[in-house]
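Q: I have a model open and would like to learn how to read it. Where should I start, and what should I look for?

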Amino acid sequence: MSAITVNTLKKRKQAGEKITCLTAYDYSFASLLDAAGIDMIMVGDSLGMVMQGNDTTIPVSIQDMVYHTRCVARGCEHALIISDLSFMSYQASPEQALKSAGKVMKQGAQVAKLEGGEVMADTVRFLTERGVPVCAHIGLTPQSVHKLGGYSVQGRDDASAKQLLSDARSLDEAGASLIVLEAVPSALAAEVTRAIAIPTIGIGAGPDCDGQVLVLQDMLGIYPRPSPRFSRNFLEQGGSVSGAVTAYIEAVKSGAFPGPEHSFS
Ligand code: KIV
């Protein structure tokens with residue numbers, strides 16, 4: 001297995017080959033995912049909920065991201081590591097974002113992830129021009145849960161759908177390497193995916209994104225609180241943790257996941 005790079009992802013999009021991604025926050029799970037052949041491991045700030053037991057991702061610090069990125073990197077040989085920049089570790093200025101991205105990259109992250117659309121385009125440009133590949137995250141952006149008024153599907157009306165498309169185009173033009181689309185109608189996610197050159201990675205965004213991501217604890221069914229509707233329990237099908245991960249990879253690659261029951265209209 002050769003190491004996955006941002007160039008591999010672009011080629012995958014061009015070839016119409018699906019990209020697989022799961023979150024992980026520690027050495028053991030990262031090793032297991034990597035050995036199963038996952039393309040990307042996301043050290044998401046969802047760790048604030050599934051590892052720390054918080055209600056939101058907001059309490060997560062950049063030191064938390066640094067620590068978990070270091071643990072994951074030790075278990076990773078071929079998967080591309082994407083690490084979230086935590087709430088308020090990048091929003092103030094491009095310089096602040098660069099400093100935070102540098103911290104996670106020094107621990108082994110290959111891509112820094114931040115939430116936000118057009119408003120973050122200058123920051124994305126600033127980072128990419130300085131050698132930091134960026135994954136942007138639009139649609140339902142969990143760090144803005146209080147501004148959004150809850151974890152609801154985004155882009156359902158004309159104005160917000162247009163804004164999402166324009167956000168995606170701005171991020172692509174600014175040099176982002178990929179974009180996570182969370183909780184958006186499948187048809188809109190498909191339109192965004194066709195409109196931009198970089199890969200889209202969906203979570204609750206239907207089957208037509210270039211790749212899929214889920215939170216590991218959700219897809220194993222081990223998070224004690226309710227999991228989002230767009231997730232699926234792969235442990236029931238896979239029979240073991242590595243079986244679940246293999247079943248997920250196969251389902252994403254074949255297009256069997258996500259189905260209509262995991263998507264929004
Ligand atoms: O924090 C996270 O894990 C994420 C993914 C679920 C997209 O942002």
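Q: How far is an oxygen atom of the ligand from an N or O atom in the side chain of serine 46?
A: A pair of N or O atoms within 3.5 Å counts as a polar contact. In this predicted model, the distance to the side chain of serine 46 is 2.5 Å. An oxygen atom of the ligand also lies 2.9 Å from an N or O atom in the side chain of lysine 113. For the side chain of aspartate 45, the corresponding value is 3.0 Å.

Q: How much of the ligand does the protein bury?
A: The ligand taken alone exposes 260 Å², and the protein buries 96% of that. The space that the ligand takes is the largest pocket.

Q: Which residues are around the ligand, and how do they divide into nonpolar, polar and charged?
A: The residues around the ligand are Thr23, Met42, Gly44, Asp45, Ser46, Asp84, Lys113, His137, Val180, Ile203 and Val215. This shell divides into four nonpolar, four polar and three charged residues.

Q: How many aromatic pairs does the structure hold?
A: There are four aromatic pairs. One of them joins phenylalanine 230 and phenylalanine 264, with 6.5 Å from centre to centre and 85 degrees between the planes. Planes over 60 degrees apart count as edge-to-face, and this pair is edge-to-face.

Q: Where in the chain are phenylalanine 230 and phenylalanine 264?
A: Phenylalanine 230 is in the loop between α10 (216-219) and α11 (235-238), while phenylalanine 264 is in the segment after α12 (241-254). They are 34 residues apart, and the pair links distant parts of the chain.

Definitions and conventions. Residues are numbered from 1 along each chain as its sequence is written. This is a predicted model: local features need pLDDT of at least 70, side-chain atom pairs count only at pLDDT 80 or more; totals for chains, interfaces and linings use all residues. Side-chain values use heavy atoms; hydrogens and water are left out. A residue is near a molecule or strand if one of its heavy atoms lies within 4 Å of it. A polar contact is a pair of N or O atoms within 3.5 Å; within protein, one must be able to donate a hydrogen and the other to accept it, and residues adjacent in sequence count only if both atoms are side-chain atoms. Accessible areas come from the Shrake-Rupley method with a 1.4 Å probe; for residues, only the protein chains shown count as cover. On a 1 Å grid over the protein atoms alone, a cavity is a set of points where a 1.4 Å probe fits but cannot get out, and a pocket is an open set with protein on both sides within 12 Å along at least five of seven lines; lining residues have an atom within 4 Å of a point. A molecule sits in a cavity or pocket if more than half of its atoms lie within 2 Å of its grid points. Ala, Val, Leu, Ile, Met, Phe, Trp, Tyr, Cys and Pro count as nonpolar, Asp, Glu, Lys and Arg as charged, and the others, Gly among them, as polar. Rings of Phe, Tyr and Trp (its six-membered ring) pair if their centres lie within 6.5 Å; planes under 30 degrees apart count as stacked, over 60 as edge-to-face and the rest as tilted. Helices (H or I, at least four residues) and strands (E, at least two) are DSSP runs, numbered from the N terminus.
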